[in-house]
Amino acid sequence: MNAEVPGESRFVPAIRVRHLWHRYGAQDVLRDVNLEVRPGEIFGFIGPNGAGKTTTIRVMATLLEPMAGRVEVDGFDVSVDPERVRKVIGYMPDHAGVYDRITIREYLEFFAQAFGVPDLAVVDAALELTDLRNLQDRLVAALSKGMKQRLGLARILLHDPKILILDEPASDLDPRARIEIRDLLLELREIGKTIFLSSHILTELSDVCTSVGILERGRLLVAGPIAEISERLAEQRARDAYGVDRAVAPPAAEGTAEAEGGPAVGAEPSEPAGPSVTAGGAPVPGSARRRLKLRVLGDSRAVVPLLEGGAGIGVVEALPAGQLAVEYVGDDRFVADVVRYLVGRGVGVVAVEPERNELERIFLEVTKGELQ
Amino acid sequence: MTSGVAPGGGAPASVGEGHVRSAAPRRLNPIWIREMQQAARFTMTPILLAVLTSAMALLLCAIGGIASVSTAPAEVGHVLYQVFFSLAYAVVTWIAPAIAASTVASERGGRTWEALLLTGMTPTEVARGKFLAALTYIGAYVVMLAPVGALPFLFGGVTAVEVVMAFVLLGVFAVLGVAFGLSVSARFTSSAAAVVVTLLVSSNLSIAGYLGLGVGISFGVHELWSGVTAGAPVWMPTAYVRGDFGLEYVAILVFAPLVFTLVPAWFLYEGTIASMASPSEDRSSGLRRWLMVCTPLVTLACVAALPVAPSDEFAAAALATTVLWTFLTFAVFVVAGEPLGPSRRVRVRWDREGATRLGRYLGPGLMNASTMVLGLGFGALLTVGVAGVVLELWRGGPSAEVDALRVALFTAYVASFFGFQVGFGAWCRSRAGGASLPRFLQAGALLVAFLGPWVLMAIAGLLTRGADGSYVVASPSPVYAAYMMELVASTRPERESLLLAGVVAALGWLVLGVALLGAAGRRASKVVAEHAAAIARLEAALEAEDAAAREEVEVVPSAPGVRGPRELA
Ligand SMILES: Nc1ncnc2c1ncn2[C@@H]1O[C@H](COP(=O)(O)OP(=O)(O)OP(=O)(O)O)[C@@H](O)[C@H]1O
Ligand SMILES: [Mg+2]
């Protein structure tokens, strides 16, 4: 099951969801979801309310039996070997409860024992990691939501799972705690954990995630590294604009069940579900149109003519307070060239900001705002 | 960073971790420890305990004080003994189930249940922890009451052994009460609902048990052993001391209590674990093993009760058959929750572990369960029936043959009707999506079958102006089996036809049951086959995708000396 195919770099995906369907009553909540998360990734799972994120996550966490399809976590089928899956995952639900009349330390010691961890020193490590050491003698029921969230994180680290599955880990956190959690996630990735998290807050995800998947009405619309998705969408737009190659379904094709991303059975059976979706995080060839924000000393309107019409430069727009929005096609090197060019022309460049909300743009482009 | 949260993410997942848990025996059940920690912080507990203990002490002293004015101390001691242990019985049978009822349900309601499941603790471990916790809690009550319980002993009239035995019995009731509360709790998501349901059932059972098994049986036992006070509810602990050792002693004080304790306790245990496990797990084997052992046990108890019955042997046999039938009907209700076939998980497990045919037969599957209940039930009813008939003939007497016929007819009718119950239950289950509807329908069918024909008969009687022939209309009701016993000895002209009607009705039930069972079997195998086909389709599709993916990899030029997966295969 865990065997690797010799002679090539095939790996056991941390999470592999294939043709997952789920139904509550007569309502299809998940329709043919396919996705793959590689070891070491931070995978962000986004979607409107009711899209089916929690449902997908609960299937991965062995708490919900998939109605059709196959879900493998670390190579183990969740519906056949839930015990083994439970050993390798740490799942933090969106709304968890805690026990009354018990302190943080007792709470964690209880779970450590329940996990069968031989050495209770892990409790200290988990307290340390989540900055709860000073509060360890507080009663858990009296903690604030954010603190409970941290406690939840501490709990799922006790048995040293390979894969963390977090359902909206930052939903109740204040801005500071959010940043701390983000840093914590990066730290956890450093020590080799794979992280799968769902969230509504796109900027937060784009900061930490190596890949994202967008779910709407039970369908996975796109999945992969943000830059790559952005790239694909740009290509798509170009194709749509020139009216060529309609054979490949556009992302928002009306009525088709398989709106790209993880290809569905039937539509493109030749394409493997996973790898094509999240193929690495390689730098993207600069064909996508991007936006850049510059802040310069003095009047930004004076700078517009310098840039306009330049190779690879699109619309240049002067904004108040010395700011400029520049549309361009190219990679980071191109940005450096632009800055060098401007500095060479005596423009005082104060700040260069790449477009932060690329994920937001993608999200708005692929979703239709429908709820289920 | 220390050991636990170490870089690299733990050991490779494939190294038989299934055994790690069992290899390292845990010192104490963590759930138990946690519940005790929580209980220790609950400031109400000591107050409640103190109030309860002082109230009991005051009550006993008051009764003792008033009674000792006019009565001999030994008499007072015995009365106090009865009063104290009656109250203690009430405390244990009401509080123990209620305490246990909130435990699992509160984890579900408080959203801590899933975190608990994900730790990898098995339902068995969870159930044990919860059980121990509730038992410890109720144990605290009993221990606090113990000094008060010794009070009657000081007055005399009761021996130390009698007091100790009464406490032992209290412990048994506590165990049963906790097991019952836990089994209800395991089925609920709201602890309030679980507590209400538990209290409703346990309080009624408690009162019925007190009056029936306590006060009621004490009269019979007094006949047997005059040392045991008639009408004293707490007769049993005294009987251990006052009874004369013999066959009856073993039957009443050893065998019967064992059966009465083991059968429900084991059922509650298996039921609790099954309700806590996920629906894809094998939730059937445990309950089926229970059925396989306990049906013969109950049958044996019923047969053993026949010879000691005082008079009217045929009535005793009918009573034994009815008790057995009640047990078997319960089994039918249990089986009504059976899935149509084993889940993929169960199947894969069986293949991996090389499960035996018997193991698979005991596993999930409606038809397995139904045929097993049917077989066990027929066997049990046949045993009781044959025992009854043989006993009648062996005892002889003028009415021996008539009585034997009565027993035979009664048991045969009951067995036929039981055949219908099993068939109907299986058929309902094979058509319904869940387990509650079949149970509901089964209960409805029982009600209709029992009462319907009599209602019709009443109507028919009105129409025919009370002709005796209208009894024929009632023949499909199982109650008619009792009427048939009366008919056998009657000299009415319609005797023959009425008996024939009963036999035909019984046969009708049996045929209907077999037909329904057959229909259920066809339906179940169709559904199971469809399920298997869907899995096979998915598997084929996934396999095809994998193959396509491998092919794609192969197209990519590989480094020299690196062979593609095709060549390896
Ligand atoms: N237990 C349930 N019974 C019936 N329907 C349910 C159940 N749980 C979820 N659903 C439905 O399934 C759909 C998906 O729910 P899910 O919780 O997976 O969405 P989500 O993406 O996590 O949403 P959110 O962002 O609000 O957390 C919703 O339409 C919801 O109404
Ligand atoms: Mg959700």
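Reply: Gladly! A polar contact is a pair of N or O atoms within 3.5 Å, one able to donate a hydrogen and the other to accept it. Keep in mind that this is a predicted model.

Me: What makes the pair A:Asp160 and A:Lys193 a polar contact?

Reply: Their side chains are joined at 2.5 Å, and the cut-off is within 3.5 Å, so the pair counts as a polar contact.

Me: Why is A:Asp160 called buried?

Reply: Buried means under 20% relative accessible area. A:Asp160 has 13% relative accessibility, so the residue counts as buried. You will find A:Asp160 in the loop between helix H5 (145–157) and strand S7 of chain A.

Me: How do you know that S3 and S8 of chain A are paired strands?

Reply: Pairing needs at least two bridges. Five bridges join S3 (residues 42–46) to S8 (residues 194–199) in chain A, and these strands run parallel, so they count as a pair. As an example, A:Phe45 has A:Ser198 in S8(A) as its bridge partner.

Me: What is the order of the strands in the open sheet?

Reply: The six strands of chain A follow the order S6-S7-S8-S3-S9-S10, with mixed pairing.

Me: Why do S6 and S10 of chain A stand at the edges?

Reply: Strands S6 (89–92) and S10 (219–224) of chain A each have a single partner strand, so one side of each lacks a neighbour in the sheet. From one strand to the next, the twist averages 15 degrees.

Me: Which strands does helix H6 of chain A touch?

Reply: Helix H6 (residues 175–190) packs on the sheet and touches S3, S7 (163–167) and S8 of chain A.

Terms used
Residues are numbered from 1 along each chain as its sequence is written. Chains are lettered from A and ligands numbered from 1 in the order in which they are written. This is a predicted model: local features need pLDDT of at least 70, side-chain atom pairs count only at pLDDT 80 or more; totals for chains, interfaces and linings use all residues. Side-chain values use heavy atoms; hydrogens and water are left out. Helices (H or I, at least four residues) and strands (E, at least two) are DSSP runs, numbered from the N terminus. Axes are lines fitted to C-alpha atoms, for helices over the stretch in contact, and angles run from 0 to 180 degrees between N-to-C directions. Contact means heavy atoms within 4.5 Å. Buried means under 20% relative accessible area, exposed over 50%, partly exposed in between (1.4 Å probe, protein chains only).
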